[in-house]
Amino acid sequence: MLFRARTGTFLTFAVAGLMTGVWVVRMPALKERFDLDAGGIGIVLLVWGVAAVVAMQGLRAVISRFGSRPALRVAAPLTAVSVGLVALAPSHGLLLGAVALFGMAFGVTDVAMNAQASVVERAHGRPLMSGMHAGWCAGAMAGGLLGSGTAALGWSFTASVLAAGLAALPLTVLLGRSYLADPPSLQEVSGGRRARLPLLVYLLGALTFLAFMAEGAIADWSGLLLHDDLHASEALAALGYPLFEAAMLCGRLFGDRLRVLLGTRSLLAWAGAGTAAGMAVVLLAPGLPVALAGFFLTGLAVCTIVPTMLSLAGTAAPGRSAASVAQVGAMGYGGLLLGPVAVSAVAEASSIRTGLWLVVALSAVIAVSARFLPLRQSTDLAAAAPEPVREPASLAA
């Protein structure tokens with residue numbers, strides 16, 4: 001049962017990453033299709049991010065009450081349907097409407113699958129969240145390569161994104177059978193009184209906000225940076241994001257072991273510093289090869305930050321895991337919303353390269369702040385994790 005649930009949750013992350021990966025790397029094609037400038041792309045991303053945050057905050061109580069399993073069974077298939085509507089949108093107005101639906105469905109899916117991963121992680125009694133997020137990276141990398149390949153073949157934005165949605169829909173339905181039921185919430189066992197979330201949840205949310213700002217800026221603007229500033233072809237520019245995700249995949253496969261070895265605070269501090277250094281390489285790169293190498297280094301460093309924050313959230317409020325993960329996720333998505341928009345604002349006034357220096361600054365703040373997180377052994381699964389059970393390499397965390 002546990003292996004089935006772990007596999008199913010891992011694959012859910014992968015399918016979600018696949019849909020997002022195709023959408024991200026075909027952004028230049030979307031820009032050309034609707035004749036958008038950098039500000040226009042920023043509006044599309046703003047609508048997506050606002051919709052995700054509104055859904056995550058508005059439905060947080062619902063997810064907490066009913067659990068991650070039923071939420072995920074509804075939201076994941078709806079995400080596949082909505083990404084197909086984005087692909088088919090015939091006008092700019094309908095595109096924004098479809099993007100809003102996509103953002104709402106994806107926001108709930110993201111919270112629910114992270115809450116489900118926390119359920120699985122606590123059932124195993126040791127850190128597994130980085131391994132789950134490795135599934136996201138594998139899917140996003142596959143989606144990015146699919147987007148790059150279809151761009152090279154001359155496929156339109158519609159054809160590429162619609163193909164991803166059609167492939168994802170049956171998979172999300174089938175994976176719904178594998179999820180674990182959530183343990184009873186604190187609200188249920190305390191006679192309906194709503195317990196307040198501890199301060200640690202909001203501190204984790206603040207750092208997740210910064211991390212998502214950095215990841216969102218890289219994901220949404222990497223292709224345009226390589227295409228517009230370094231003059232790479234659309235197909236070559238699309239390789240930046242899957243290379244970034246490939247590095248994230250490599251790092252996350254070993255991230256949980258590194259967390260046990262180094263300790264949570266040290267891992268987060270090194271990850272923040274490495275992210276800042278990797279993005280500095282990208283932004284100072286004289287040409288495409290060095291920039292691509294910088295994206296790989298950045299992905300290798302940043303990969304453990306968000307999974308570790310969400311893992312900590314899952315144990316920060318006993319009996320309210322789903323609510324804690326939802327709160328941290330919603331705060332994080334505020335950063336995912338603001339990061340690309342902030343880069344867009346700077347890009348309008350200067351250049352995309354200048355705007356992406358924001359990632360370096362955010363990563364440095366994470367590196368310093370991680371040292372002061374008030375963690376307890378009961379909160380940090382890495383503090384007393386047993387030796388990992390040997391499992392298939394593709395699912396090892």
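Colleague: Is the crossing of helix 12 and helix 14 right-handed or left-handed?

Modeller: This is a predicted model, in which local features need pLDDT of at least 70, side-chain atom pairs count only at pLDDT 80 or more, and totals for chains, interfaces and linings use all residues. Residues are numbered from 1 along each chain as its sequence is written, and side-chain values use heavy atoms, with hydrogens and water left out. A crossing is left-handed if the near helix is turned anticlockwise from the far one by less than a right angle, and right-handed if clockwise. The crossing of helix 12 and helix 14 is right-handed. Helices here are DSSP runs (H or I, at least four residues), numbered from the N terminus.

Colleague: At what angle do the axes of helix 12 and helix 14 cross?

Modeller: Axes are lines fitted to C-alpha atoms over the stretch in contact, and angles run from 0 to 180 degrees between N-to-C directions. For helix 12 (residues 240-262) and helix 14 (residues 288-302), the axes cross at roughly 35° and come within 7 Å. The residues of this contact (heavy atoms within 4.5 Å) divide into 11 nonpolar, 4 polar and no charged. In that count, Ala, Val, Leu, Ile, Met, Phe, Trp, Tyr, Cys and Pro are nonpolar, Asp, Glu, Lys and Arg are charged, and the others, Gly among them, are polar.

Colleague: How are helix 1 and helix 6 oriented to each other?

Modeller: Angles over 145 degrees count as roughly antiparallel, under 35 as roughly parallel, 65 to 115 as roughly perpendicular and the rest as oblique. The axes of helix 1 (residues 2-25) and helix 6 (residues 92-124) cross at roughly 155° and come within 10 Å; the two helices are therefore roughly antiparallel. Helix 1 passes helix 6 in a left-handed crossing. By class, their contact has 12 nonpolar, 6 polar and 1 charged residues.

Colleague: What is the angle between helix 6 and helix 16?

Modeller: Helix 6 and helix 16 (residues 321-349) pack at about 135°, with their axes 9 Å apart, which makes helix 6 oblique to helix 16. Among the residues making the contact are Phe106 and Asp110 of helix 6 and Tyr333 of helix 16.

Colleague: Which residues touch the most other members of the largest nonpolar core?

Modeller: In soluble globular proteins, nonpolar side chains tend to be buried together. A nonpolar core is a set of buried Ala, Val, Leu, Ile, Met, Phe, Trp, Tyr and Cys residues joined through side-chain atoms within 4.5 Å. Buried means under 20% relative accessible area, exposed over 50%, and partly exposed in between (1.4 Å probe, protein chains only). Of the 126 residues in the largest core, Trp23, Leu226, Met279, Tyr333 and Leu356 touch the most other members. Helix 10 (residues 199-229) contributes the largest share, 16 residues. Leaving out residues up to four places away in sequence, Leu356 touches residues including Trp221, Met279 and Val343.

Colleague: Is Gly21 buried or exposed?

Modeller: Gly21, which lies in helix 1, counts as buried because its relative accessibility is 0%. Beyond neighbours within four places in sequence, Gly21 is in contact with Ala140, Gly143, Gly144 and Tyr241.

Colleague: Where is Asp35 found?

Modeller: Asp35 is found in the loop between helix 2 (27-33) and helix 3 (38-58). Most residues other than glycine have a negative phi. Asp35, although not a glycine, has a positive phi of about 55°, and at 69% relative accessibility Asp35 counts as exposed. His231 also has a positive phi, near 60°.
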